[in-house]
Amino acid sequence: MTSGLAAPPSTAAIQKRTILTLVATQAVGAMGITIGIATASLLARDLSGSESMAGLSQTTQVLGAAVAAYVLGRVMDARGRRFGLLAGYLLGAAGSLLAVLAGVVGSMTLLLVGAVLLGATTAANNGARYAATDLAPAARRARALSVVVWATTFGAVIGPNLTGVAELFTDAVGIPVLTGPFALGAVAMLAAALVVGVFLRPDPLLVAREGAPPAEAPKGTSWRRALAMIRERPALAAAVVGQAAAHATMVAVMVMTPLHMEHGGAGLEVIGLVISGHVLGMFAFAPVAGWLADRVGRADVMALGGGVLLVALVLCAAAPQGSSGRIFVGLFLLGLGWSLATIAAATSVADQTPLEVRADVQGTADLIMGLAAAAAGALSGVVVDVAGYPALALCAILLVVVLFGAAYVGRRSA
């Protein structure tokens, strides 16, 4: 005689539902966060009246993402992935609307506040990739993570190319043309919040903890627990440093590229196309990066990413102002190198971290990554103002050297 109650779903079924939900969320959320990339530095320049401050909005957003990563990591540790992701997308939508208001009233301060909140969506997108690994077998962990990163392609490539649609929207509602992408981005972030809030059930992190052997969580604050874990495990420390170096390299060069192109007479549509190519490199080949990381090893793929970043920086340094083949290829390879290095590093973070402190360590790793990128982004505007865009690309090679060092330590410690 049956009890009439449905059998609980298997771990494989929950993982499949989780991946499908995260794929949908990333596709929509990425459009919201990337649609303003091509115009953010231009809006900051207009509001501040200074080209040296053009990268400040993007840098502030990266800094907001860093802080949000840690905060959302603590929320996920206490309540699960769903609550953390939901909070990130809602905060990001609020930040996007503040950016629109900043353009309307002409306030640089308000733009920076909005950019900080926008960073929460970036943190949520990063947290989503970790959510894909909670129930994945170790031998396929990088591929699970990379599928979610790959899903970002749809929204991220479409987003920067919606600048034309956003311009029509601004004409219709009477807001400044450079704020249109942020208005459309807010709608996309709210849609992502709806998807994750409704469909990310049951929560993968909570399910993984239920199925794991009982373990006593390390004592101390979440920050101390995370740092202690990183100090104790050289492979984990190498992954955290490598991820930070790769992300800082990408952000430093990417945020100043629209300004470099505009100086040569490139229009918004061409700039948007270059950014789309860059985003394509970041996300479209993620499954290949995941497959390589599972088959070849995390550290070796981090090093491969460093090699691709090195080529990208040389091409960017040689690119003239305006539109050129070198800037197209350089930005594409900048994204591809970032993808290889960060997918391998993020998977290594998941590999090396016990379930009972996983969300805390992952949030801390993303905090460190964000702080490094924020510092690089802040310096990028100064370097370009003083020495030019080619000098910025060449200076970023120092970060690639750090990435190579992290890959070496990771390989020795594996």
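The model is predicted: local features need pLDDT of at least 70, side-chain atom pairs count only at pLDDT 80 or more, and totals for chains, interfaces and linings use all residues. Residues are numbered from 1 along each chain as its sequence is written, and side-chain values use heavy atoms, without hydrogens and water.

**View A. A nonpolar surface patch formed by Leu63, Val67, Val71 and Leu371.** Together these residues have about 310 Å² of accessible area (Shrake-Rupley method, 1.4 Å probe, only the protein chains shown counting as cover for residues). Helix H3 (residues 56-79) gives the largest share of the patch, 3 residues.

**View B. Val71 in helix H3.** Val71 has a relative accessible area of 43%, so it is partly exposed (between buried, under 20%, and exposed, over 50%; 1.4 Å probe, protein chains only).

**View C. The largest cavity, about 670 Å³ of space.** A cavity is a set of points on a 1 Å grid over the protein atoms alone where a 1.4 Å probe fits but cannot get out; lining residues have an atom within 4 Å of a point. Of its 42 lining residues, Ile33, Thr122, His247, Met282 and Phe283 lie nearest the centre.

**View D. The second largest cavity, about 70 Å³ of space.** Its lining includes Ala69, Arg81, Tyr130 and Asp366. H3, helix H5 (108-131) and helix H17 (358-387) each supply at least two lining residues.

Methods:
Patch = residues over 30% accessible without salt bridge, like charges linked within 9 Å, V, L, I, M, F, W, Y side chains within 5 Å. Salt bridge = Lys/Arg side-chain N within 4 Å of Asp/Glu carboxyl O. Helix = DSSP H or I, 4+ residues; strand = E, 2+ residues; numbered from the N terminus. 1 Å grid on protein atoms, 1.4 Å probe; cavity = no way out; pocket = protein on both sides within 12 Å on 5 of 7 lines; lining within 4 Å. Points joined across faces, edges and corners; volume = space filled by probe spheres on them.
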